[in-house]
Amino acid sequence: MENAQPSPSSPIAELVARARAAQRIADGWSQAQADTAVAAAGWAIIEPARNRELAELAVADTGVGNVEDKVRKNHRKTFGLLRDLRGARSVGVIAEDPARGIVEIARPVGVVCAITPSTNPGATPANKIINAIKGRNAVIVAPSPKGWSTAARLIEFIHRQFDRIGAPRDLVQLLPPPVNKQATAELMRLCDLVVATGSQANVRAAYASGTPAFGVGAGNVAGIVDETADVEAAADRILLSKTFDNATSCSSENSLVIVDAVRAKMLAALKDRGAVMLATAQKATLQALMWPEGKLSAAVIGQSAQAIAERAAAQDGAGREAWLAIAAAKPRVLMVAEDGFGEAHPFSGEKLSPVLAVYAARDFAEAAATVERIYAHQGAGHSVGLHSAVPERAMALGHTLPVSRVIVDQAHCIATGGSFDNGLPFSLSMGCGTWGRNNFSDNMNYRHYLNITRVSRPIPERVPSEQEIFGDFFAQYGAQ
């Protein structure tokens, strides 16, 4: 179970050694003890006063998102995860198949390195910690530098709950500051499993660490509104998704592809809900603000549409008054018309802000082809949204687009990571399959934090005949 042997001179190695000692204690837990620890870690973030403190700290320290949505996210994602884990077997025998003579036994993976982003410095580490604890693992959180204080406070809350139940504090630890690439790389090398959420640089580093790793692909979700959609309902869902926590989620729509037959109605419905379509000159100003040196600027990440408009006004002398008028109207989303793809068209990529690229399509087939071109640039493997009254179209996207999820008639960023009204597991880490250079395409869940030992016993032999195996082939092509 242990990976590289730590050097006693390294502070990070000492951290891992303490984690291993605590994990050996947890290895002896019953299912009930593991579930108690899960509940303790969950209550550490869900309790309302602690939840709000973490949300406020996250926004104050990272400057990303908004407090009320983070409160909702901390609660909803954690509570949903606890629902998923309730009654799930993760200790000892978890499955038996007498007909096949197989018994499955759940075993811990050991010490987990949990790499977490600044966009969700409370909810994401909590999700990973709870899943890891469910499998009786130890976990060491490697947060982004901006998210360190929020993660530290979360873990302090968890330790207090662990003290109440007699669980070892060292089961959940935090990479000490300063958090940098070297420290994170050493932690990844010394742990038994890496689960990485955040920048693609972090995900690539996790895969290159030499330690087994789960990483997630780039977000850049597109949504399709076809000619059969309930336009008003679609607009409600899209605006809810696109504005939640100032669009910091990798599951927020970055592009919307609208079939021509409903384009005018759809844009009107979005406008009625506070979305503003920018003029061509304003689009150029916004592009310069968002990608000043070809890289998405922190000036817009996780900011409100109003704040972005105010910042655009500050650097657009000729258009200042128009931008200030937009800002004064308190827009919820800024929209730009787009028809290009790739690096020369940055609006076709992920924006991590309430800015939405809007594409036109003659029909559903062209809309699907447009999404495929967007994902050829960025976002392959993640998911696609569909607003349509034709069930077969969701199946068509599932069969043809490079996506791991097709989200039908739902607020995308609420639904993709699991919801109380869909069957996806609650998660803040969504695998993107080989399309997204990942080794899994599920919503990451507790089973990814388990080793499973299979006991195989003899069963009555059954050897098929040659006719059973080759009969159809021989009948069509002969036996030569």
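This is a predicted model: local features need pLDDT of at least 70, side-chain atom pairs count only at pLDDT 80 or more; totals for chains, interfaces and linings use all residues.
**Helix α11**

- Helix α11 spans residues 280–290. Its buried residues are Q282, K283, T285, L286, L289 and M290.
- Viewed down the axis of α11, these buried residues fall within an arc of 165 degrees, so they line one face of the helix.
- In general, an α-helix has 3.6 residues a turn, so residues three or four places apart point the same way.

**Helices α1 and α7**

- Two packed helices are described by the angle between their axes and the distance between the axes.
- Helix α1 (residues 11–26) packs with helix α7 (residues 181–190) at an angle of about 35 degrees. Their axes are 10 Å apart.
- The crossing of α1 past α7 is right-handed.
- From α1, the contact is made by I12, A13, V16 and R20. From α7, the contact is made by A183, E186, L187 and L190.
- By class, the contact of α1 with α7 has six nonpolar and two charged residues, and no polar ones.

**The three-stranded sheet**

- Strands of a sheet pair through backbone hydrogen bonds, either parallel or antiparallel.
- Here, three strands form an open sheet in the order β1-β2-β15, and the pairing is antiparallel.
- The edge strands are β1 (92–97) and β15 (450–456). Each of these edge strands pairs on one side only.
- On average, neighbouring strands of this sheet are turned by 25 degrees against each other, direction ignored.
- Strand β2 (residues 102–108) pairs with β15 in the antiparallel sense over seven bridges.
- A106 stands opposite I452 in β15.

**Glycine G87**

- G87 lies in the loop between α4 (67–85) and β1.
- Is G87 buried or exposed? G87 counts as exposed because its relative accessibility is 66%, and the cut-off for exposed is over 50%.
- G87 and A322 are 235 residues apart along the chain. Their C-alpha atoms are separated by 57 Å.

Note on methods
Residues are numbered from 1 along each chain as its sequence is written. Side-chain values use heavy atoms; hydrogens and water are left out. Buried means under 20% relative accessible area, exposed over 50%, partly exposed in between (1.4 Å probe, protein chains only). Helices (H or I, at least four residues) and strands (E, at least two) are DSSP runs, numbered from the N terminus. The arc is that of the directions from the helix axis to the C-beta atoms. Axes are lines fitted to C-alpha atoms, for helices over the stretch in contact, and angles run from 0 to 180 degrees between N-to-C directions. A crossing is left-handed if the near helix is turned anticlockwise from the far one by less than a right angle, and right-handed if clockwise. Contact means heavy atoms within 4.5 Å. Ala, Val, Leu, Ile, Met, Phe, Trp, Tyr, Cys and Pro count as nonpolar, Asp, Glu, Lys and Arg as charged, and the others, Gly among them, as polar. Two strands pair if DSSP finds at least two bridges between them.
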